[in-house]
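Let's take a walk through this model together, one stop at a time. Have the sequence and the 3D view open as you read.

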4 protein chains.
Amino acid sequence: MSTMRTVKVVGYHEGLQMREAPVPEATGPWDVVVRIGGAGVCRTDLHILEGQWAEKSQVQLPYTIGHENAGWVHAVGSAVTNVKEGDKVILHPLVTCGLCRACRSGDDVHCENSRFPGIDSDGGYADYLLTSARSVVRIDDSLEPADVAALADAGLTAYHAAAKAAKRLTPRDTCVVIGAGGLGHIGIQVLKALTPSRIVVVDRNPAALELARSIGADVGVVADGSQVDQVLALTGGKGAEALIDFVGEGGATSEGIAMLREAGDYYVVGYGEDICVPTIDMVSNEINIIGNLVGSYNDLQDLMALAARGAVTLHTQKYALDDFQQAISDLDAGKVRGRAILVP
Amino acid sequence: MSTMRTVKVVGYHEGLQMREAPVPEATGPWDVVVRIGGAGVCRTDLHILEGQWAEKSQVQLPYTIGHENAGWVHAVGSAVTNVKEGDKVILHPLVTCGLCRACRSGDDVHCENSRFPGIDSDGGYADYLLTSARSVVRIDDSLEPADVAALADAGLTAYHAAAKAAKRLTPRDTCVVIGAGGLGHIGIQVLKALTPSRIVVVDRNPAALELARSIGADVGVVADGSQVDQVLALTGGKGAEALIDFVGEGGATSEGIAMLREAGDYYVVGYGEDICVPTIDMVSNEINIIGNLVGSYNDLQDLMALAARGAVTLHTQKYALDDFQQAISDLDAGKVRGRAILVP
Amino acid sequence: MSTMRTVKVVGYHEGLQMREAPVPEATGPWDVVVRIGGAGVCRTDLHILEGQWAEKSQVQLPYTIGHENAGWVHAVGSAVTNVKEGDKVILHPLVTCGLCRACRSGDDVHCENSRFPGIDSDGGYADYLLTSARSVVRIDDSLEPADVAALADAGLTAYHAAAKAAKRLTPRDTCVVIGAGGLGHIGIQVLKALTPSRIVVVDRNPAALELARSIGADVGVVADGSQVDQVLALTGGKGAEALIDFVGEGGATSEGIAMLREAGDYYVVGYGEDICVPTIDMVSNEINIIGNLVGSYNDLQDLMALAARGAVTLHTQKYALDDFQQAISDLDAGKVRGRAILVP
Amino acid sequence: MSTMRTVKVVGYHEGLQMREAPVPEATGPWDVVVRIGGAGVCRTDLHILEGQWAEKSQVQLPYTIGHENAGWVHAVGSAVTNVKEGDKVILHPLVTCGLCRACRSGDDVHCENSRFPGIDSDGGYADYLLTSARSVVRIDDSLEPADVAALADAGLTAYHAAAKAAKRLTPRDTCVVIGAGGLGHIGIQVLKALTPSRIVVVDRNPAALELARSIGADVGVVADGSQVDQVLALTGGKGAEALIDFVGEGGATSEGIAMLREAGDYYVVGYGEDICVPTIDMVSNEINIIGNLVGSYNDLQDLMALAARGAVTLHTQKYALDDFQQAISDLDAGKVRGRAILVP
Ligand SMILES: [Zn+2]
Ligand SMILES: [Zn+2]
Ligand SMILES: [Zn+2]
Ligand SMILES: [Zn+2]
Ligand SMILES: [Zn+2]
Ligand SMILES: [Zn+2]
Ligand SMILES: [Zn+2]
Ligand SMILES: [Zn+2]
Ligand SMILES: [Zn+2]
Ligand SMILES: [Zn+2]
């Protein structure tokens, strides 16, 4: 039995520690062991260390953190037909059962029997990770695992919401994006690829808006207090057909709803505050408020198809696996440009 | 020029008065004059008399009240091809333009240039009413105007929400209906006709639940404080795929959301209170909150097709037009069983 | 190792033979062994014996025939979570991979790596059958395996087409069903449960039409040469919004297309002849011709939900497994009323 | 009463003749008189002159030809609210009733009471044309009527089919376009704007394929007899998810169907030959054959939104109205590059 490096949560409000552990084996028929090529360092990891997920995940410490993973297939179980040793893959964040109603409908995110590596079981801050044939998506030869790993979580969430919105958007429609940060950055690229609608991006930061325009936004609106009026002015006073809120706090929800036209759709992605709407407004404006979780396995396949042709890209800042503490500290200190990635 | 009876709002916080007025003429090319066969007396009419609509409608007093109308075509304008004199018709509550984007998409309820007879212009507490070719729906020979008039407003609203919900409901799904009153009564019948799903009705009144079961509900749940638990128990702890809330006040919205399963749809029809949901719940449960206004002209056509085959019926209590004050007083006193209808 | 009875194809143009064989075991993790409660005897079985499937299936003789199966779970593999020993189940006709794009989308019928017990591997004319966790659907306590087994193939096909048609059918629409035989019988019941549209059934046999009316058809049209004219007359000269053709030969396709209105949908289920349509007619009438294969696993779940409430029933004629030859002979001789079922 | 120039069909198999006629007036409430800025010269016009439309259109000679029109609003009827004098507009080819079920559903192309200027009544080879408020679409300031007029027919047809196909196309899908001529040219641009799928174009002419690639096609396939094999090779042997056939003759339909994958969609736009498919193939491959007529009023609005941002462009060759005979002769002789346009 060979061993490997892993970075483990050993206690809440304590630092992560590197520990030696056995390399996982593909003993189950659908098991897939992946040699990690890149593991995203995510704000959720900071929250885990603060103990915010302890009760919900019920994870036993110590365990290996890291839920945004990509790499190469190292070993496969007896029943695996969709990947083989050596394949480059990105990992869907969930390991799902394949048998429940949700899984049988392609809506595997709502699987009734899933686990979540990096959250409730061993994740990808390691040399190797154990996952399932149902979670691996082959990526194009032109893509590198460390470049796409961070698309597995935030990117997939942004894709899911943007793809849902795209189903109703026509060339005459306007889609507002609130928040041109990490998720918004992906969301704008996805909207650009999937819809012919006008994309209006709202953010407090003029530099973020400039970047947004360079990747596909048609209009940037500075959130200086006049953002609702600006969006109404851009839409002839009627409001936007769809709005994706990647912020979800600091008043974004009430402003977002005020930017919607009659029969418009409000997509909730970012979270923090409560949405409060008078029922009379829901009825008289006949608007829809649409929740959005991370995307499905199919969504991840679609997102990787866009990535393969360069339609969706991500800025990354890479760290050696041994430098995990530096990456965590940089993220906490706001020093990471784009996404921090650990490379074993 | 012949004259007719009309019942007019002459002042807020005053009684209605019967006044003589000229019979309207079909001078415009799309005009249709309808001889009223029945005009529904609606709780909205009470609110109008209290002045609650004065600012919103900007209507000039005196004017003729009554927004739930059916009858016979009396005269048509030069361009009218869809009805002719003598046809039995029910009237869509809105007179729409036919040219705006909403109208061109079959979504005429969101017309940018509509009027609303009985609310912002002369309505149907009268012998005759002026409407448009775009608002008249021919009804089956087997139906009487006075029997269906009240379907034009509350019935059409219930149809619209139920038909939207029906699009996703399968034989394995559960649809919860909150409120077995006037709208719920229609909604249950429509769900029964349009979907193979299980229909669970929640109401405080056991007698209303018994009636609900007699018209198609599969299960009745008494809202005695345990209703959320009861619905969860009925759905294996998962909640319902869809829920139509015909109440919208007294805590119905938070209870309704608690009855939803992951990825479930909550249809808001009744109104009164605010909906308040943490964005994190919208996201983690990926639920949808869907506003519902009155149905479109197409919805009314569909509803009349159901009525023609007896799939949707309504209890009515008829009054002569001259007895308008009695009808209003009975409604205000809670003495009307089903819907009050004025018959000229 | 225990043994069981099986009925095997030992050669084409030869009779089936009963042979002893080992009871299959659940060695693979997703394996499910089912004790057969009923196995449908299908016209396809006659075609297999005539060698019509030999080249396509590439099956090695001898093998056990029987592709319409239901029974009780006898043993399960280590990874099976959706059924347990003793559960009453019906079997989807295909054993699918769960990993290909089709499987991941809920469209498992187009699985790229499926097998078809009874056609290309051992089927259900036996005491036990080996299938997969992905193929078993639990049925309601009120249903008996021998009563529903035949729904697994023809019934599922009819459900699939009718459910697709139901998505567009409104209370104002007409759906024509060509052929009130075995599939049509199920299709009519499914349409009745899923749609509010008018159901018009066309068949040569007045007795079949009478039966059709008793299970939900609104109108029966005798196919006496005037059927196209009759359907046009029933639809104001415009034709039907949708038509499901369970016949597909003897001129049904050209007659069916002539019964469609502009923008109408023609669902092909029965097969035999070629469909030939001038492209100019496809364009000027803007009609759609829609192919239909057997239903998905989800469709079978939905169909069983309808069966559980008595909304879909089937006439069966039962035979002991040992009497397999009698069942085959009766079917070939046209002596079976409803569906023949072997009961071990 | 002022007069204007018109170009009239005076007899079949005869030349067109210029005649003086009264300028039409907006006497009806929804009438719109348009000063023509450009009228497309279409192959259909040649067919009209050969008498091919005489029986179908029942038009009385002489009448003014020309069904692809754009210009400026000259006068409007009393009820017109969507355009005003001076507005730049393109004309939907049909003048529809606004009252039939199709019109009320946004599907105005299937209007039961429409007329077709240039085909069954006076068209746009003239200084002015009488149409309806329901047929005029305002175009962006940046567009010139003579540049977009030809989008009103062929362009709108291509848009309609491509937009229907786009509804199901994902980043992992392939859409094949057969025919890179006039319609295909628009179709490719629309697919590029509306879908993230790979676009594979099949044509006999390598130059046309080169042009196709320059406007958005991902792959060009020369139709040299190996085109079916080439498309299969490009799709891993499985075929394309969708195919739009702008040719419809010379074997295109059977080749197109052979290029489809299981559950694929075949869009018929070009016409000429018969489509003949064995019903068994429709069933076992579960494919769909989808007819396509010209687009709706909403489609034309969407297409003009794409044109306004330069996403859809058209090559035109302009002629003065007085040179109508030259334009017709050039078209007949194959000397027109792009579309011939008459400019009054
Ligand atoms: Zn993350
Ligand atoms: Zn699952
Ligand atoms: Zn989702
Ligand atoms: Zn009312
Ligand atoms: Zn309107
Ligand atoms: Zn069968
Ligand atoms: Zn598969
Ligand atoms: Zn043309
Ligand atoms: Zn029309
Ligand atoms: Zn169409």
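The 4 donor atoms around the zinc ion (ligand 2) subtend angles of 104 to 118°, and that makes the arrangement tetrahedral. For four donors, that label asks for all angles between 85 and 135 degrees. Donors here are N, O and S atoms within 2.8 Å of the metal (3.2 Å for Na, K and Ca), and since water is not among the atoms, sites may look incomplete. Keep in mind that this is a predicted model, where local features need pLDDT of at least 70, side-chain atom pairs count only at pLDDT 80 or more, and totals for chains, interfaces and linings use all residues. Residues are numbered from 1 along each chain as its sequence is written, chains are lettered from A and ligands numbered from 1 in the order in which they are written, and side-chain values use heavy atoms, with hydrogens and water left out.

So who holds that zinc ion? Ligand 2 has the SG atoms of Cys97(A), Cys100(A), Cys103(A) and Cys111(A) as its protein donors, 2.3 to 2.4 Å away. Along the sequence, these donor residues are spaced C-x2-C-x2-C-x7-C. One pair links distant parts of the chain: Cys100(A) sits in the loop between strand S6 (88–91) and helix H3 (101–104) of chain A, while Cys111(A), 11 residues apart from it, sits in the loop between H3 and strand S7 (128–132). Helices (H or I, at least four residues) and strands (E, at least two) are DSSP runs, numbered from the N terminus. Cys100(A) counts as buried because its relative accessibility is 7%, and Cys111(A) is buried too, at 9%. Buried means under 20% relative accessible area, exposed over 50%, and partly exposed in between (1.4 Å probe, protein chains only).

Now hop over to chain B. Its Cys97(B), Cys100(B), Cys103(B) and Cys111(B) coordinate the zinc ion (ligand 5) through SG atoms at 2.3 to 2.4 Å. This site is tetrahedral, with angles of 103 to 118° among its 4 donor atoms.

Staying in chain B, look for Ile275(B) in strand S14 (residues 274–278). Is Ile275(B) buried or exposed? With 2% relative accessibility, Ile275(B) counts as buried. Its contacts (heavy atoms within 4.5 Å), leaving out residues up to four places away in sequence, include Ile275(A), Met282(A), Tyr266(B) and Ile289(B).

Methods:
Four donors count as tetrahedral if all angles lie between 85 and 135 degrees; four count as square planar and six as octahedral if opposite donors are over 155 degrees apart and all others between 65 and 115; anything else is irregular.
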